[in-house]
Amino acid sequence: MINEKWVKLRLLGKQKYAMLYGSLFWGSICGTSSIVPFVLLNKVNSIFLVFIHYLVWMIGGYFFGCYNWEKQEKFFKREFL
């Protein structure tokens, strides 16, 4: 059985997939969950540091999305092509 969801997601392309699911989804969730404790404990004294923190997580999320794309493509090609 072909994974219908992945067939639809493949139409986005690697770059869009990495930006949407890696950077915006994974990066923003991890960035928010890791900065909230620092903000609540008043350990962050600059909005610039929060921006840099999010930027690092977004870049990491992009690479995570690229890695996930390659992993899914490898599985898809091995199983269905």
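This is a predicted model: local features need pLDDT of at least 70, side-chain atom pairs count only at pLDDT 80 or more; totals for chains, interfaces and linings use all residues.
Local features need pLDDT of at least 70 and side-chain atom pairs count only at pLDDT 80 or more, while totals for chains, interfaces and linings use all residues. Residues are numbered from 1 along each chain as its sequence is written, and side-chain values use heavy atoms, with hydrogens and water left out.

Colleague: How many salt bridges does a search of the whole structure find?
Modeller: The search finds 4.

Colleague: Why is the contact of Arg10 and Glu73 called a salt bridge?
Modeller: The term requires a side-chain nitrogen of Lys or Arg within 4 Å of a carboxyl oxygen of Asp or Glu. Between Arg10 and Glu73 the N to O distance is 2.6 Å, so the pair qualifies.

Colleague: What makes this pair a tie between parts apart in sequence?
Modeller: Arg10 lies in helix H1 (residues 4-10) and Glu73 in helix H3 (residues 47-80), so the parts joined are 63 residues apart in sequence. Helices are DSSP runs of H or I, at least four residues, numbered from the N terminus.

Colleague: Why is Arg78 called exposed?
Modeller: Its relative accessible area is 55%, so it passes the cut-off for exposed. Arg78 forms a salt bridge with Glu79 at 3.6 Å, N to O.

Technical notes: Helices (H or I, at least four residues) and strands (E, at least two) are DSSP runs, numbered from the N terminus. Buried means under 20% relative accessible area, exposed over 50%, partly exposed in between (1.4 Å probe, protein chains only).
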